[in-house]
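Welcome! Here is a short briefing on a few residues and the nonpolar packing around them. Have a look at the model first.

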Amino acid sequence: IYSIGIYTGDSTGIALTGLYRHAINVDGSAGETELVLDFGDYFGEFIPSIPDMTIAADGDIYIRAGSTAGAYIIHPPYSASSIEVFYPRVVDVGPPNLTVVWGTDRYMYINHKPSGTDAPDRAVYRVNLWELGATAFGRN
């Protein structure tokens with residue numbers, strides 16, 4: 001299981017925002033947690049919020065970062081040097097998009113919501129990535 005974690009304590013040496021891997025025990029419960037990537041190593045001191053994350057079958061992790069940072073792909077083995085901008089200048093997944101999710105096929109869906117709830121150009125974009133999303137528990 002992969003998740004994004006945010007640390008709000010006072011201790012030093014702990015990732016403020018990180019990508020974590022959680023082992024799955026034989027009984028199906030979550031086990032040990034491992035920090036895989038400290039987003040501070042890529043973004044520096046000003047780490048954007050990371051409200052959305054979806055995973056491809058090949059292990060690439062797609063994140064939407066903050067209201068102005070856009071979206072990124074994190075390639076295995078998940079280090080700061082393996083992060084790249086997701087389709088720069090082609091697909092606008094920066095603000096004010098709300099969510100980036102994978103469907104059950106090779107399509108990623110981007111929910112675009114401009115400022116103002118009554119804005120006429122609200123849309124859901126379907127982006128063909130020519131690869132499948134990762135198998136998710138309960139997904140057929």
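Leaving aside its neighbours within four places in sequence, which residues is His 22 in contact with? They are Ile 1, Ser 3, Glu 32 and Thr 33, where contact means heavy atoms within 4.5 Å. This is a predicted model, in which local features need pLDDT of at least 70 and side-chain atom pairs count only at pLDDT 80 or more, while totals for chains, interfaces and linings use all residues. Residues are numbered from 1 along each chain as its sequence is written, and side-chain values use heavy atoms, with hydrogens and water left out.

**His 22**
- His 22 sits in strand E2, residues 17–24 (strands are DSSP runs of at least two residues, numbered from the N terminus).
- His 22 counts as buried because its relative accessibility is 17% (buried means under 20% relative accessible area, with a 1.4 Å probe and protein chains only).

**Nonpolar core**
- The largest nonpolar core has 13 residues, and Leu 19, Phe 39, Ile 63 and Ile 74 have the most contacts inside it (such a core is a set of buried Ala, Val, Leu, Ile, Met, Phe, Trp, Tyr and Cys residues joined through side-chain atoms within 4.5 Å).
- Strand E5 gives the most to this core, with three residues.

**Ala 65**
- Ala 65 lies in strand E5 and, at 0% relative accessibility, is buried.
- Ala 65 and Ile 50 are 15 residues apart in sequence, yet their C-alpha atoms are 4.4 Å apart.

Terms used: Helices (H or I, at least four residues) and strands (E, at least two) are DSSP runs, numbered from the N terminus. Buried means under 20% relative accessible area, exposed over 50%, partly exposed in between (1.4 Å probe, protein chains only).
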